[in-house]
Amino acid sequence: MDHVKTYNAMEVKHRNGDLIIEGPIAGTELSKLDFHEHLVAFRPPEQQHKALIEIADLPEGRIIIARERNTVVGYVTYLYPDPLERWSQGNMENLIELGAIEVIPKFRSGGVGKALLEVSMMDNAMEDYIILTTEYYWHWDLKGTKLNVWEYRKVMEKMMNAGGLEYYATDDPEISSHPANCLMARIGKRVDQESIQQFDNLRFMNRFMY
């Protein structure tokens, strides 16, 4: 499968400053940018910057960033699911995962996360993919946002909806371990029925046990 990547961009006027939302961005371009010290949700900033550069250079990898002048202040990643997760078991070329989305506290609550997803979906090639994301409450910044689990889940769902992702049921044990966790996905317009069936089989791998 050819992973076609077409650059798109938009400007967001946030109350704390103007941002450029752009991508997919190449690893070489990403390496020239500063990476904000408050991007700490998944690993220390230097390590996360390096990880994003590596993802950007993968054939299927996509990085969309929010940039304040020369500094990355937010991003969303797309790549093949982790080999240890059930979503990789079908070896589907057209199934990619929205792996992480992060925006620094200064630029939250201003539509930046929503804009990252909107720019992602401006690329017509996204109609060739099933895009999934797994939301686990233990990854959420409940302390920083002062939201409870259900309030945060509502915010996340609304943001994902901006990118066309919808709630999908699954029997995945980790997702089923807490009612706030969820699977969301977007099935592109050009995805064939066989791929959709494969995705359904991955969503419900335990149904024959009952």
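There are six aromatic pairs in this structure by the ring rule, under which rings of Phe, Tyr and Trp (its six-membered ring) pair if their centres lie within 6.5 Å, with planes under 30 degrees apart counted as stacked, over 60 as edge-to-face and the rest as tilted. Before I go through them, please keep in mind that this is a predicted model, in which local features need pLDDT of at least 70 and side-chain atom pairs count only at pLDDT 80 or more, while totals for chains, interfaces and linings use all residues. Residues are numbered from 1 along each chain as its sequence is written, and side-chain values use heavy atoms, with hydrogens and water left out.

One of the pairs joins tryptophan 87 and phenylalanine 199, whose ring centres are 6.3 Å apart and whose planes are at 45°, so the pair is tilted. Tryptophan 87, at 2% relative accessibility, counts as buried, because buried means under 20% relative accessible area, with exposed over 50% and partly exposed in between (1.4 Å probe, protein chains only). Phenylalanine 199 is buried as well, at 0%, and ring pairs link Trp87, Tyr168 and Phe199 into a cluster.

Charges also sit over these rings, in the sense that NZ of Lys or CZ of Arg is within 6 Å of the ring centre and within 35 degrees of the ring normal. The charged end of arginine 86 is 5.8 Å from the ring centre of tryptophan 87, and that of arginine 203 is 5.7 Å from the ring centre of phenylalanine 199.

Turning to the interior, a nonpolar core is a set of buried Ala, Val, Leu, Ile, Met, Phe, Trp, Tyr and Cys residues joined through side-chain atoms within 4.5 Å. The largest such core has 47 residues, and those with the most contacts inside it are Ile21, Leu30, Tyr78, Ile101, Ile131 and Met160. Strand 2, helix 2, strand 4 and strand 5 are among the elements that each supply at least two residues of this core. Apart from it lies another core, of 14 residues, and this one includes Trp87 and Tyr136.

Seven of its seven residues are buried, so strand 4 is largely enclosed by the rest of the structure. Arg62, Ile64, Ala66 and Glu68 point one way from strand 4, whereas Ile63, Ile65 and Arg67 point the other way. Strands pair if DSSP finds at least two bridges between them, and strand 4 pairs in the antiparallel sense with strand 2 (residues 17-23) over three bridges, and with strand 5, again antiparallel, over seven bridges. Isoleucine 20 has arginine 67 as its bridge partner in strand 4, while alanine 66 stands opposite glycine 74 in strand 5. Strand 4 and strand 5 form a hairpin with two residues between them, and arginine 69 in the turn has a positive phi of about 50°.

Definitions and conventions:
Helix = DSSP H or I, 4+ residues; strand = E, 2+ residues; numbered from the N terminus.
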